[in-house]
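Grab a pencil and have a look at the model below. Then try the exercises before you read the solutions.

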Amino acid sequence: MEEFYLASNGAGRIRCGLWLPEGQPRAVVQIIHGIAEHIGRYDHFARFLTQRGFAVCADDHMGHGRSVEEGGVYGYFSDGWMAAVRDERSVFEEMKKRFPSLPYFMLGHSMGSFLLRTYLYTYPGGLTGAIISGTGWQSELALSAGLALCRLEQLRIGETGRSKLLKALMFGAYNQKFRPNRTPNDWICSDTAVVDAYTDDPLCGFDATVGLTRDMLTGISMNQKKENLAKMDKTLPVLFVSGMQDPVGAMGEGVLRTIDAFKRAGLCNVTIRLYPEGRHEMLNETNRTEVYADILGWLEPLV
C-alpha cells in the first residue's frame, strides 16, 4: 500500500492509502470507513480488488487511525460533518488527477455509509456507482432526542468530552441481541477472530466525542430529508450490502427503509444484497467470500 497525506478540510491532515494492481488499473474504488476504525481493516478486501485490476484508495478520517497526530483527539471531526465529507471529495480529486479517465466507485461502510449518502447529494455526478454497506434509518424522534442530549452534554463536558450516556444511547443496545456476550463487540461480526482483532486493536473501539456523536446524528438527519434525497443523481447505480442481523440497520428494516427512500427519490438502478445471518461488517463476515463475489459481480458490468 502506498501511503500519502492530504490537508484536511477540518484540521491537520488525513492519512491516505492507495493499493494498486499489477499493470494499469481499469477502475478506482474509494473506501470510506466506519466510526472508531481505520483503513488497515480493509486491506484484505482491497487486495482482493487489486488482484482483479482495480485501484483502491481510502483515508483515515479526522480523529481516526494514523490521521491523529500526537496530542490529537480520537473520535472527533474538526469543523464538523461536512468537513469530513469534503475530505472524501479531496481524496476523489486527488485520485482523479492520477486516473482521470477511469470509472470511479465509492464504498461507504457504517458511519462511512452516512458520509457517502451525504456525498451523493452534495456532489451529484462524477461517480460510476456507489456501494452502501451497513447503513440504517433513524426516526426523527430518536434523532431529535439524541441531538438534544448532545447539546446538554456539550454544555456539561464540552464537544471533545466523552459521554457514557451518549455511548449507551448510540451503541448500548447493539450487543443485546447476541447475549450472552463474549465481548462488547459481538454485534460487529460472527467471526470471533475478527471481533478479537478489533477489540485488541488500539486504533479501534474508542468512544466517540460528544462532537462526533452530534455531527453523525446531524448527518443522518440531513440524509433523510426529501429535499436532499432529491438532489442525488437519479441514474447512479447503487448497491446496498447489509446483514439481516445488523442492529445498525434495525435487522434489515432500516436498510429497506433507506432503499425505499432512494427509490422514491427517483433512483432507478438500485441493487440489494441482504444476508440472512450477517451482522454489521459484511466484508468481514464468515461468508465474506460470497460477499466479495457479489460486489465484484455488481462492479464488473459497470467497468
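Predicted model: local features only at pLDDT ≥ 70, side-chain atom pairs only at ≥ 80, totals over all residues.

Residues are numbered from 1 along each chain as its sequence is written, and side-chain values use heavy atoms, with hydrogens and water left out.

**Exercise 1.** Work out which parts of the chain the Arg-98 and Glu-2 pair ties together.

Step 1: the two side chains form a salt bridge at 2.9 Å, N to O (a side-chain nitrogen of Lys or Arg within 4 Å of a carboxyl oxygen of Asp or Glu).
Step 2: Arg-98 sits in helix H2 and Glu-2 in strand E1, so the pair ties together parts 96 residues apart in sequence. Helices (H or I, at least four residues) and strands (E, at least two) are DSSP runs, numbered from the N terminus.

**Exercise 2.** Are Arg-41 and Glu-281 buried or exposed?

Step 1: this pair also makes a salt bridge, with its closest N and O atoms 2.8 Å apart.
Step 2: both Arg-41 and Glu-281 are buried (under 20% relative accessible area; exposed is over 50%, partly exposed in between; 1.4 Å probe, protein chains only).

**Exercise 3.** Find what Ser-113 touches, leaving out residues up to four places away in sequence.

Step 1: find Ser-113 in helix H3.
Step 2: check its accessibility; at 0% relative accessibility, Ser-113 counts as buried.
Step 3: list its contacts (heavy atoms within 4.5 Å): Gly-108, Ile-132, Ser-133, Gly-134 and Thr-135.
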